[in-house]
Amino acid sequence: MKGLILKDLMCLRKQLIIFGYVVFGVLVVSIMYVMSARFGNIALAGGKLLTDQGLSAFDVVNIAKLALVMFMLLPIATVGDMANVFAEDGRAGFTKVASVLPLSIRQRVMARYITIFAMFGIGVAVDLLIAFTLSLLTDMISFGELLGIIISAASVMSIYSAMVIAFCIMLGYGREQYATLLSVGIIAVAGIGLNFPKIKGILLDQGTGGELLKSFMNVISHKSYVLLIIAVITIVLSFTASVAIADRKRGRM
């Protein structure tokens with residue numbers, strides 16, 4: 001299993017290089033952002049939104065937080081694409097010999113899951129260091145809120161990656177893009193379904209985008225445990241389905 005994990009990590013080496021650049025960029029830009037939000041142009045823009053657009057101070061703070069959240073998601077998102085591993089295996093012809101490896105199908109599937117969640121562990125650790133640094137520089141958002149956002153981001157990406165693995169095994173080599181689209185589509189439909197009443201209200205002019213933004217920020221920063229529980233359930237179901245599908249395909253994955 002160690003050999004398979006190392007092989008998968010080598011397939012992700014380009015993403016690891018990009019990850020290093022992203023981490024450096026996120027750290028620099030985030031620090032510049034929070035400093036500007038306190039003393040610079042972003043603070044002035046927030047003041048104009050209050051006076052010119054009629055937004056409340058709460059809405060302005062949430063918009064500023066959302067922009068910061070987008071930065072924080074990048075390190076985790078960079079390491080979350082397992083479709084590349086399946087594509088590289090197919091190009092190298094590894095799928096043709098994988099079934100004769102002296103490992104059970106369950107162990108081979110487990111190696112994939114260990115690889116991706118080891119990568120997520122690295123992303124989360126780096127995000128925690130960035131979050132701690134930012135919490136020392138600004139009172140716009142607390143370390144506790146940033147921690148919740150990091151857990152939420154890791155949970156959503158874990159759900160996505162778990163589904164990508166299952167769909168890649170089910171669809172086979174050359175259909176990794178379909179696996180990605182299916183995973184994104186399911187998550188998008190679920191997100192829209194859960195927030196449909198608020199979205200419907202906005203479309204019918206019976207609600208505001210501020211309410212939807214407030215709900216979104218509340219969930220990812222204060223109710224991250226909900227997404228974490230959903231992620232754990234999804235991973236277990238995905239792993240079980242992946243083993244069953246790979247077994248039915250006689251180990252070709």
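Which residues of H12 are buried? Before you look, a word on what's loaded: this is a predicted model, with local features needing pLDDT of at least 70, side-chain atom pairs counting only at pLDDT 80 or more, and totals for chains, interfaces and linings using all residues. Residues are numbered from 1 along each chain as its sequence is written, and side-chain values use heavy atoms, leaving out hydrogens and water.

Now select residues 224-248, helix H12 (helices are DSSP runs of H or I, at least four residues, numbered from the N terminus). H12 has 25 residues and reaches 36 Å from first C-alpha to last, close to the 36 Å expected at 1.5 Å a residue (that's 1.5 Å times one less than the number of residues). Its buried residues are Ser224, Leu227, Ala231, Thr234, Ser238, Phe239, Ser242, Val243, Ile245 and Ala246. Buried means under 20% relative accessible area, exposed over 50%, partly exposed in between (1.4 Å probe, protein chains only).

Next, aromatics: the structure holds four aromatic pairs (ring centres of Phe, Tyr or the six-membered ring of Trp within 6.5 Å; planes under 30 degrees apart are stacked, over 60 edge-to-face, the rest tilted). Select Tyr113 and Phe239: their ring centres are 5.4 Å apart with planes at 85°, so this pair is edge-to-face. Tyr113 sits in helix H7 (residues 105-137) and Phe239 in H12, so the pair ties together parts 126 residues apart in sequence. Both Tyr113 and Phe239 are buried.

Phe117 is partly exposed at 24% relative accessibility, while Phe120, at 4%, is buried.

Last stop: show Tyr113, Phe117, Phe120 and Phe239 together, as they form one aromatic cluster.

Notes
Helix = DSSP H or I, 4+ residues; strand = E, 2+ residues; numbered from the N terminus.
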